[in-house]
Amino acid sequence: MSFMPNKNSILSRLLPVVKERINFPWKRGTLWKYLHIAGFQYKRCRNQRQILIERSHIVAWRFRFLREMKKFREAKRKIIYIDETWLDSNLSFEKCWRDEKIGSAIKDSSGHRLIVVHAGSESGFVPNAVLIFKAGSATGDYHGQMNSDNLKKWIVEKLLPNIPSNSVIVMDNAAYHTKVMDPVPTKSSKKG
């Protein structure tokens, strides 16, 4: 949705609170973008005012996720979180996450992008589970460099051998985290 609220909107009132609570350094447009990505949207009320609400299916997913996580924690199952990020030698940031064991970020002076895949739990990073590889292109979003085949290989070869059996793996909704085995045919599909 491309609607940008005016200065008197709820977004303008929300921004100072977010800035104070989580040290959010950006402006209203960025806050709107992140709210939209998180599933919030504006809907017209009966009195024609705009209010910010969350889509009902996103709320249902969150409640289901939280109920499942509560069950896993009560059952004392190990919860492993996985994620991917990138490191580009042409970019620099004022702050970054780092592991005290590694010491510092990898610097590649050739202008290449590295993709980093790792897993962790409340105990820290999973030993021997890091995957770092050079992306095929230094431009564009790193999600385009990662795919379901790379992820599957990493899970089978590096993650599963290094976590306890009966662990719960938590991942986000990146497109390559799921793969349709038998996709629906399209107009360009062949008869076979």
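## An aromatic cluster

In this predicted model, ring pairs tie Phe24, Trp26 and Tyr34 together into a cluster. Two aromatic pairs turn up in the structure. Take Phe24 and Trp26: their ring centres are 5.1 Å apart and their planes meet at 75 degrees, so this pair is edge-to-face. The cut-off behind that label is an angle over 60 degrees. Trp26 also pairs with Tyr34, and here the arrangement is tilted, with 6.4 Å from centre to centre and 55 degrees between the planes. Two numbers are quoted for each pair because a pair of aromatic rings is described by the distance of the centres and the angle of the planes.

How buried or exposed are these residues? Phe24 is buried, at a relative accessible area of 9%; the limit for that label is under 20%. Trp26 has 44% relative accessibility, so it counts as partly exposed. Tyr34 is also partly exposed, with a value of 41%.

Lys33 places its charged end over the ring of Tyr34, 5.4 Å from the ring centre.

Ile37 belongs to helix α2, which spans residues 28-37.

## Two residues with positive phi

Now for some backbone. Most residues other than glycine have a negative phi. Which way does Asn23 go? Asn23 isn't a glycine, yet it has a positive phi of about 55 degrees. You'll find Asn23 in the loop between α1 (10-22) and α2. Asn23 counts as exposed, with 56% relative accessibility.

Lys76 is another case: its phi is positive, near 60 degrees, and it is not a glycine either. This lysine lies in the loop between α3 (56-74) and β3. Lys76 is exposed, at 74% relative accessibility.

What does Lys78 touch? Setting aside residues up to four places away in sequence, Lys78 is in contact with Ser121, Ser123, Pro164, Ser167 and Val168. Val168 is worth a look: 90 residues separate it from Lys78 along the chain, yet their C-alpha atoms are 6.1 Å apart.

Strand β3 covers residues 79-88, and Asp88 is part of it. Asp88 is buried, with 7% relative accessibility. From Asp88 to Ile115 you count 27 residues in sequence, while the distance in space is 8.8 Å from C-alpha to C-alpha.

His118 sits in strand β4, which covers residues 113-121. This histidine is buried as well, with a relative accessible area of 16%. Which residues does His118 contact once its neighbours within four places in sequence are left out? They are Tyr81, Ile82, Asp83, Phe125, Val126, Ala129, Val130 and Trp154.

## The chain as a whole

Stepping back, the chain has four helices and seven strands. Read from the N terminus, the order of elements is α-α-β-β-α-β-β-β-β-α-β. Of the 192 residues in the chain, 28% are buried; Phe24, Asp88 and His118 are examples.

Looking at contacts between residues at least 6 apart in sequence, 53% join residues at least 24 apart. The chain's accessible surface is about 14,800 Å², and carbon and sulfur atoms account for 55% of it.

Key. Residues numbered from 1 in each chain as written. Predicted model: local features only at pLDDT ≥ 70, side-chain atom pairs only at ≥ 80, totals over all residues. Heavy atoms only, no water. Phe/Tyr/Trp six-rings, centres within 6.5 Å; stacked < 30°, edge-to-face > 60°. Buried < 20%, exposed > 50% of the residue type's maximum accessible area, 1.4 Å probe, protein only. Lys NZ or Arg CZ within 6 Å of the ring centre and 35° of its normal. Contact = heavy atoms within 4.5 Å. Areas by Shrake-Rupley, 256 points an atom, 1.4 Å probe, with all protein chains shown as cover.
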